[in-house]
Amino acid sequence: MSTKQTAPALLAESLPHSTTELVRRCLGGDQPAWQQLVDRYARLVYSCGVRHGLSAPETEELAQEVFTTLAQTLHTIADPERLPGWLMTSARRLAWSASGR
C-alpha cells in the first residue's frame, strides 16, 4: 500500500479549513488566504444583492464594497467564525441603500 498522496490531496491538506485560520493568515498578509476567504463567501454576498433586486453591475459593486470594508476592518472581527453574519449584515445594509429602501 502506497502512502504517496496525489496533488489535490496535498493541496487540500495545505489549505486552512476554518474561517478562523483563514482570518489569522489574512491578518498576517497571506494573499492566497485572502483569495480563499473571498472565494468562500462571494456567493453569500452576491446572493444578498440578487435577493434585493440589484442588477449584476450593482451586485458586483456591492460585493466589492463589502470585501473592501472587510479588508480594512478584518482586525476588528472578534469572532471570525461569525464572519458570515457580518458579511450578510454588511451586504444587506448596502443593498437596502442601493435599492432605495
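Predicted model: local features only at pLDDT ≥ 70, side-chain atom pairs only at ≥ 80, totals over all residues.
Modeller: The protein averages a pLDDT of 86, and 83% of the residues score at least 70.

Colleague: Why is threonine 19 called buried?

Modeller: Buried means under 20% relative accessible area. Threonine 19 comes in at 4%, so it counts as buried. This residue lies in helix 2 (residues 19–27). Leaving out residues up to four places away in sequence, threonine 19 touches Leu37, Arg40, Tyr41, Pro80, Glu81 and Leu83.

Colleague: Why do cysteine 26 and cysteine 48 count as buried?

Modeller: Same cut-off, under 20%. Cysteine 26 has a relative accessible area of 12%, so it is buried. Cysteine 48 has 1%, so it is buried too.

Colleague: And how many disulfides are there?

Modeller: A disulfide needs a pair of cysteine sulfur atoms within 2.5 Å. By that rule the count is zero.

Colleague: On to helix 3. How does its reach from first C-alpha to last sit against the expected value?

Modeller: Helix 3 (residues 31–51) has 21 residues and reaches 30 Å, close to the 30 Å expected at 1.5 Å a residue. There is a bend of about 45° at tyrosine 41, though.

Colleague: What happens at the start of helix 3, and what just after it?

Modeller: At the start, a side-chain oxygen of aspartate 30 comes to within 3.0 Å of the backbone nitrogen of alanine 33. Just after the helix, glycine 53 has a positive phi of about 75°.

Colleague: Which residues of helix 3 are buried, and what covers them?

Modeller: The buried ones are Ala33, Trp34, Gln36, Leu37, Val38, Tyr41, Ala42, Val45, Cys48 and Gly49. Their cover includes helix 2, helix 4 and helix 5 (83–98).

Colleague: What share of the whole protein is buried?

Modeller: Buried residues make up 32% of the 101 residues.

Notes
Residues numbered from 1 in each chain as written. Heavy atoms only, no water. pLDDT = per-residue confidence, 0-100. Helix = DSSP H or I, 4+ residues; strand = E, 2+ residues; numbered from the N terminus. Buried < 20%, exposed > 50% of the residue type's maximum accessible area, 1.4 Å probe, protein only. Contact = heavy atoms within 4.5 Å. Expected span 1.5 Å × (residues − 1). Bend = angle between axes of the 7 residues up to and from the residue. Polar contact = N/O pair within 3.5 Å; in protein donor to acceptor, adjacent residues only side chain to side chain.
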